[in-house]
Structures are given as C-alpha cells and as structure tokens.
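Me: I've got a model open and want a quick walk through it. Can you start with the terms, then the strands?

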Amino acid sequence: MFKVSIKKFFKYWDKINTKQSLRVSGNRVVRKGYTTLTIDGFEIKAPVGEILAVTLFVNGILTLKYSSRKKEPRGLFCLMGSCQECLVLVNDRIVLACQEIVEEGIIIKTGINK
Amino acid sequence: MTKINPNDIQNVDLVVLGAGPAGVAAANVASQEGADVVIIDENSSAGGQIYRAPPNEFKPHDSFKSDEYQEGEKQRKILKNSNVKALFKHRVWSISSDLVVSIVGPNGLSSLHTRSLIIANGALERIIPFPGWTTPGVIGLAASTILLKSQFVLPGQSTVVAGCGPLLIAVANGIIKSGGKVSAIIDLNSKSDWIKASPRLLSRPDQLFKGMSWFANIMKAGIKIYGGHAVTNTKQVDNVLKISIAPINSAGSIILDSKYKKIVEGDCLAIGHGLFPSTEITRLLKAKHIYDPHKGGWVPLIDDDFRSSIPGVYIAGDATGISGAFSAVQKGRIAGMTAVRDLNLMSSKKYKVKIKSERTTLKKNENFGKAAVILMKFRSELIQTITSETIVCRCEDVYRSEIDEAIESGARDMNQLKAWTRCGMGPCQGRTCSEAIEAILASKVGSRELAGQWTGRTPFRPIPIDQIIGEYSYDDIPIPKAAPL
C-alpha cells in the first residue's frame with residue numbers, strides 16, 4: 001500500500017513542527033472537536049467541519065496535485081470549487097479538497113498526475 | 001425553508017441558482033408572492049462567497065464576529081423562515097433551453113423542470129498570469145477571504161497581499177485583525193486612483209468609514225504599501241516566495257527595467273486583479289452578452305427589470321455586472337418580483353409600487369459598488385506580465401508563446417484559439433484563464449467584442465462518473481436470457 005520514505009517523513013515532520021499554526025484560535029475562535037485523519041500515510045489531527053483543502057494548507061502540504069501536461073506542482077488556488085487545482089484522493093475517490101469537509105478517519109492521498 | 005430531496009419534485013415555478021445575497025433575496029420575495037421556489041447552491045448553507053458561513057463546529061467570539069458574519073446570519077435566517085425549498089450541497093451541471101435543470105448532489109443525479117429561472121451565480125476572480133503564478137502558495141484574494149472569514153485561518157506566516165480593489169484592503173485588514181503578519185501590500189492603484197474613486201464612495205458613508213478604519217489599521221501596523229506597482233514574477237526558494245514587483249507609469253504601462261525592480265518576500269502571495277461576472281450559464285443558454293468594462297467585463301444583456309434575452313430567464317446580483325453585495329439584494333428582489341409578475345402571480349399595480357422603492361435603494365448602493373469596480377477594472381498593462389514562458393491556461397498547461405503563435409497563424413476568435421491550443425478546454429471550463437486569454441487576443445484583433453467569448457459548455461463543473469452511475473451492484477445489470485441452442 002504505502003511506502004513511506006524517511007525523506008518524506010522528515011519533509012512532513014519539518015512542515016508540521018516548525019510552523020506556528022495558521023489557525024486563529026485562543027479567545028477569538030473555539031473549534032468544537034478534533035478528529036484524526038490520514039494524509040499520505042501520516043495521521044494528522046484536524047478540527048471537525050474544516051474544509052479539507054484548508055487542513056492540508058495549514059499543515060504545510062501545499063502541493064496537492066501535478067498538472068496534466070507538464071507535471072508541475074499545483075495546490076489550493078480559488079478555494080471555491082472553480083479552478084479545479086486542489087484535486088486529491090479521499091478514500092480512493094478523486095475529489096476537490098476545497099469541497100470536502102474533515103470527517104473522522106478519512107484517508108487522503110495527494111500527488112495525482114505525479 | 002424546507003430542505004428537499006430533488007427526486008421528490010419535478011415541476012416548479014422558479015429555480016434560483018446561487019444562494020448568495022442576490023439569490024436569497026430573489027427566492028424570498030418570489031416565495032412571499034406565492035411562487036413555488038427552489039434555491040440551489042453547492043455550499044452547505046446560504047451566504048454565497050461574501051457571507052460564507054463558518055462550519056457549525058466553529059464558534060467565533062462575539063468581538064471577533066465581522067459585519068459580514070452578522071449579515072450572513074441575517075440572510076440565512078431570512079431564508080430559514082421562508083417557504084423556499086432549498087437544495088444545498090447540490091451543483092447544477094447543465095440547463096437545457098426548455099429550462100430543465102440538471103443537478104448532481106450527494107445522492108447522485110436528478111433534474112427538475114422550471115417555468116422560470118433566476119441566475120444569481122455571482123462573480124469570479126480575475127487573476128492575470130505572471131511567471132510563477134502556478135506555484136503552490138500563490139492563492140487568490142477571494143480564497144484568502146474564505147480562509148479568514150469562514151475558516152479563521154491565516155493565508156501565511158507572512159503574507160504578501162497584491163492586486164487591486166476593496167478585497168486587497170479587506171484581506172490585509174483581515175490578516176491583521178486575526179493576529180497575522182502582512183509583509184507588504186502591492187496595489188495596482190496609486191493614491192490618485194483611490195482619490196478619483198472616493199466621491200462615489202460617499203454614497204454609503206457608513207461603508208466609507210469602515211474602509212477608512214481598515215486603512216487606519218494597515219497604517220498602524222506599519223505595513224509597507226507599494227502603490228501603483230504590479231507583481232511581475234514569483235520564485236520559490238526554500239519555502240520562501242521571492243516576489244518581484246515593478247512600478248506602473250502614468251501612461252499605464254509597467255516599467256520592466258530591472259533598475260526599478262524590487263523584491264518582497266513572504267510564504268504566501270494572495271493576489272487578485274478584480275472580479276468579473278460569471279457568465280458560464282448564460283453563455284450555455286445562448287443569451288445575448290455585451291462587454292462593459294464598467295460592469296467588470298462580459299455581462300448578459302438585461303432590461304431594466306433584470307430579464308435576460310431568453311424568455312423566462314432572469315439575472316440577479318453581480319452576475320449582471322459587479323456592484324457588490326449591498327446592491328445584489330435589490331437586484332435580487334427586482335428580479336424575483338419580475339419573475340413572479342411574468343408568471344402572473346403578482347398584480348401589475350403592486351409590482352409597480354414595490355419596484356419603485358427598490359430602484360431608489362439600488363441606485364444608492366450601486367453607486368457605492370461602482371467605485372469598487374473602478375478600482376478593480378481590467379488593466380491592460382497586466383498583459384505585460386504574461387511572458388512567453390508563462391502558463392496561461394492552468395488546466396492544460398498552455399503557454400503564452402503557444403497562444404501568440406496560434407494568433408500569429410490566424411486564430412481570430414476565442415473558440416478558434418481553444419481548438420488550436422486547448423486553452424480553456426480543461427476541467428475549469430476556462431473560468432480561470434478566460435480574462436487573460438481574451439485580453440491577449442483582443443490586443444491583437446482590436447477589441448473584446450471581436451475576440452468574443454468561449455461557447456458555454458456542459459458540465460459546468462466536472463461530475464465524477466460514479467455519481468452519474470449512482471449506487472449499483474453487478475446484480476443490477478440485467479442479464480439477457482441465453483439464446484436457445
């Protein structure tokens with residue numbers, strides 16, 4: 001199923017741990033519940049109800065797919081279902097990450113067209 | 001409001017596409033007059049992009065609730081207390097000329113026939129390409145507002161905010177208010193452009209005051225504003241975006257001389273060059289369109305009462321021309337009343353009285369909106385930033401050089417260009433690149449009218465094949481009896 005290289009592990013570890021969260025929190029916003037989902041083999045905690053594209057973005061996973069002809073990296077761009085650049089696999093179905101909501105236990109794979 | 005199953009209904013008086021401010025107003029007023037109304041939106045609740053609702057699970061503190069949040073809550077309540085039938089999380093992917101609306105939702109495909117149709121699908125964001133605009137981490141200003149307002153997420157640790165218009169200030173202010181850092185603001189408009197637009201802004205002093213307080217926040221935070229500058233290049237170096245900017249001279253061209261080039265840095269570039277009306281549905285229906293830069297670009301031709309050139313089809317909100325969320329409400333109400341009037345559900349006397357007061361408010365709000373349009377209308381100098389090695393069509397990876405080559409070889413309108421280069425042929429249906437490609441072609445053939453528009457095609461948005469098929473197992477396939485031997 002998944003071959004997770006050490007390099008990839010460190011890439012994600014770096015991104016997750018060196019960045020201060022982009023989520024506004026504290027006394028400004030309360031997010032009711034967190035759940036666990038799997039992104040490219042790694043378990044990540046995310047608030048229930050968040051847009052999946054935003055969860056990926058906040059975790060520093062900016063490249064979501066590759067363009068069809070030149071295989072260039074692409075990611076979140078319009079966030080409203082128009083540009084079709086945030087395609088990912090959720091539970092093995094191709095979906096727009098900006099139209100999906102975080103749910104418990106979903107399995108996300110990035111890198112379509114790689 | 002009742003949530004419905006699309007398979008339970010076949011015929012209605014009115015379908016409203018889009019549950020933003022215009023759609024909600026139109027649906028509500030039509031339903032009050034007794035029409036059987038269905039409103040359809042791909043999001044899970046009303047508000048459109050401007051008043052997009054945060055998830056139910058997120059609770060902002062009272063002091064952190066924006067005016068847009070409050071207004072959105074108000075509109076969602078209006079819809080909730082109405083008799084409108086709502087289809088949220090449903091996407092319209094086609095509409096036939098006899099007004100059969102094809103819908104795809106969580107439970108697969110469905111369709112319904114309507115006597116009239118109000119299109120309130122709003123606007124799209126124009127982002128004119130420059131080298132590096134496809135880099136992950138470069139996002140739209142509109143996307144940034146969704147991050148900030150509905151997700152309570154900052155676009156970056158240090159964001160460069162670029163482009164033009166009210167969204168530029170709204171995003172910068174939103175980041176500051178949320179405790180984030182704006183590394184620089186790159187504004188296409190110079191100070192004098194803002195001053196020129198200001199008299200119109202006086203038509204809504206309350207909003208002018210709000211805008212000025214946003215400006216004050218930006219000044220207080222000590223953010224460097226590059227007025228009259230354009231982004232010309234973005235390169236990613238070790239998770240940092242190095243963004244080149246260049247000044248625009250008074251003759252309206254970007255000075256590309258490296259002497260004037262400056263570089264700003266950030267981990268996110270939020271950029272947008274204004275909004276333009278969404279015409280994908282009206283193009284498919286073959287409605288007449290006109291190009292009007294003061295309305296944001298191509299708009300469907302409408303009469304004073306918001307009827308399109310197609311009988312039974314009405315347009316409301318920013319889809320009739322950009323003028324903002326306040327005027328969208330009146331546009332929606334007028335379109336809604338006209339639709340029920342045409343269905344003979346409202347007396348002409350009542351119609352005349354009601355429409356008059358709406359028009360007065362519309363005029364005031366539209367005046368305010370027009371100031372915003374002046375600040376974000378298409379600027380032809382931006383074509384200079386599309387170098388020949390720049391990808392213009394993101395879906396099909398079509399370079400500027402390929403587009404120029406096709407024009408050189410004789411492509412004279414948008415559809416020819418599409419057929420020759422595949423630009424606009426990808427899954428976004430040209431929504432992302434049409435403005436840039438039309439502008440490039442128009443600069444060669446003389447005008448936007450001569451360049452024309454891409455023919456509207458279905459599906460408006462890609463539909464996964466499994467949704468078309470729906471729930472099925474191999475047992476559902478009828479096996480014909482074997483022929484006798």
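Reply: Terms, then. Two strands pair if DSSP finds at least two bridges between them. Helices (H or I, at least four residues) and strands (E, at least two) are DSSP runs, numbered from the N terminus. This is a predicted model: local features need pLDDT of at least 70, side-chain atom pairs count only at pLDDT 80 or more, and totals for chains, interfaces and linings use all residues. Residues are numbered from 1 along each chain as its sequence is written, and chains are lettered from A and ligands numbered from 1 in the order in which they are written.

Me: OK. In which sense do β8(B) and strand β21 of chain B pair?

Reply: Parallel, over three bridges; β21(B) covers residues 313–315. Ile118(B) has Tyr314(B) as its bridge partner there.

Me: And how many bridges link strand β2 of chain B to β8(B)?

Reply: Six, again in the parallel sense. β2(B) is residues 11–17 and β8(B) is residues 108–119. Leu17(B) is partnered with Ile119(B).

Me: What about β7(B) and β8(B), parallel or antiparallel?

Reply: Antiparallel, over six bridges, with β7(B) at residues 100–105. Val104(B) sits opposite Leu109(B).

Me: Switching to chain A. Which strand does β6 of chain A join?

Reply: β7(A), residues 93–96. β6(A) is residues 87–90, and four bridges hold the antiparallel pair. Val88(A) is partnered with Val95(A).

Me: Helices now. At what angle do α1(B) and α2(B) pack?

Reply: About 25 degrees, with the axes 10 Å apart. Axes are lines fitted to C-alpha atoms, for helices over the stretch in contact, and angles run from 0 to 180 degrees between N-to-C directions. So α1(B) is roughly parallel to α2(B) (angles under 35 degrees count as roughly parallel, over 145 as roughly antiparallel, 65 to 115 as roughly perpendicular and the rest as oblique).

Me: Which residues meet there?

Reply: Pro21(B), Val24(B) and Asn28(B) in α1(B) meet Gln75(B), Ile78(B) and Leu79(B) in α2(B). Contact means C-beta atoms, placed from the backbone, within 7 Å.

Me: Last one. How many helices and strands does the secondary structure of chain B come to?

Reply: 14 helices and 23 strands. The C-alpha trace of chain B spans about 80 × 70 × 45 Å along its principal axes.

Definitions and conventions:
Contact = placed C-beta atoms within 7 Å.
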